[in-house]
Amino acid sequence: MRPYLIILLAVLLMTAACGGNRTAPLADDEQADSVMPADTAAADSLADALEEMPMPKAADELFDDFIFNFAANSRLQRQRIAFPLPQYGEDGEAVRLRRSDWHMDYFFMPQGFYTMLFDSEQHMEAAKDTAVSHVEVERIAFDDGRVTKYVFDRIKGLWMMTAVHRMPMAQSLNASFLDFYHRFASDSTFQAHSLAETVAFVGPDPDDDFSEMEGVISPDSWEAFAPELPSDVIYNIVYGKPEEEGDSKVFVLRGIANGFEVQMTFRRKGGKWKLTKLIT
């Protein structure tokens, strides 16, 4: 991540921390972009300051660089939405949102982390591919079983939000895994029963800050390694064209501006998902 983004994110997270970092669930009649930190006065002050900070042109090369700016700068956000913005409901009907109706959406910024789902470790390279021109950011709310999908396209070299889709989680291409993940993240007993016989582990060496250690985790020692996972709302970034759900998933939990990352590989066999690898 570029240095200017680290500074920007650190300031935003300090502000969000002062006002809490809970993300409210979306109601059927609620606009899909109305998520803001609880301390709106502090957030507004920050937004005003960030509006004076122009986004470097290089940020349009990688979507990751763009989305952090988009989620932190209210002026940029309005500039990079293709109004009137079509918002598709669960019935497939579109309502076109005018610029004057839009409210700043901080996306995953207040919670301090974001998540991603990949079909394999090789597919993770798509996040670094400057040729990617279509990305979907999904807000997955487990409490009401709904997914809000924000669609971005790179048009004439500039990333633009072009549509919003809302759907039941059951219609998601990752429906089976999302249903499994929610239970895995919120039920410790189910989690323990959803481990492969041995789970490959890669993590920092406690005796050497510059080295990693590798080994295996058995179910009886899992509690000592189990990471804390979000179970109410997660965001997923899909780079390129979404694909049908396969029998493997790599779940990545990545902190914003703090270097924290957890990578978990799951495989489905006999209709059941199992954790096979953990990287911290």
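Q: First up, is K149 buried or exposed?
A: K149 is buried, with a relative accessible area of 14%. Keep in mind that this is a predicted model.

Q: Which side chain does K149 meet in a salt bridge?
A: That would be E136, at 3.4 Å from N to O. The pair links distant parts of the chain, with E136 in strand β4 and K149 in strand β5, 13 residues apart. E136 is buried too, with a relative accessible area of 8%.

Q: How many salt bridges does a search of the whole structure find?
A: The search finds 9. One of them joins the side chains of D60 and R80 at 2.9 Å, N to O. D60 sits in the loop between α2 and α3, and R80 in the loop between α4 and β1, so this pair ties together parts that are 20 residues apart in sequence.

Q: And are D60 and R80 buried or exposed?
A: Both D60 and R80 are buried.

Q: What about E90, which side chain does it meet in a salt bridge?
A: E90 pairs with R146, at 2.7 Å from N to O. E90 is in the loop between β1 and β2 while R146 is in strand β5, and they are 56 residues apart. E90 is partly exposed, at 40% relative accessible area, and R146 is partly exposed as well, at 24%.

Q: Switching topic: which residues touch the most other members in the largest nonpolar core?
A: That core has 41 residues, and the ones touching the most other members are F63, F107, F108, F152, M161, I237 and Y239. Elements that give it two or more residues include α3, β4, β5 and β9.

Q: Which element gives the most to this core?
A: α3 does, with 5 residues.

Q: What does F63 touch?
A: Leaving out residues up to four places away in sequence, F63 touches V135, V137, F152, W159, I237 and Y239. Apart from that core lies another one of 29 residues, among them M167, V262, M264 and F266.

Q: Zooming out, what does the secondary structure come to?
A: The protein chain has 6 helices and 12 strands. Buried residues make up 49% of its 280 residues. Of the contacts between residues at least 6 apart in sequence, 63% join residues at least 24 apart.

Technical notes
Residues numbered from 1 in each chain as written. Predicted model: local features only at pLDDT ≥ 70, side-chain atom pairs only at ≥ 80, totals over all residues. Heavy atoms only, no water. Helix = DSSP H or I, 4+ residues; strand = E, 2+ residues; numbered from the N terminus. Buried < 20%, exposed > 50% of the residue type's maximum accessible area, 1.4 Å probe, protein only. Contact = heavy atoms within 4.5 Å. Core = buried A, V, L, I, M, F, W, Y, C linked by side-chain atoms within 4.5 Å. Salt bridge = Lys/Arg side-chain N within 4 Å of Asp/Glu carboxyl O.
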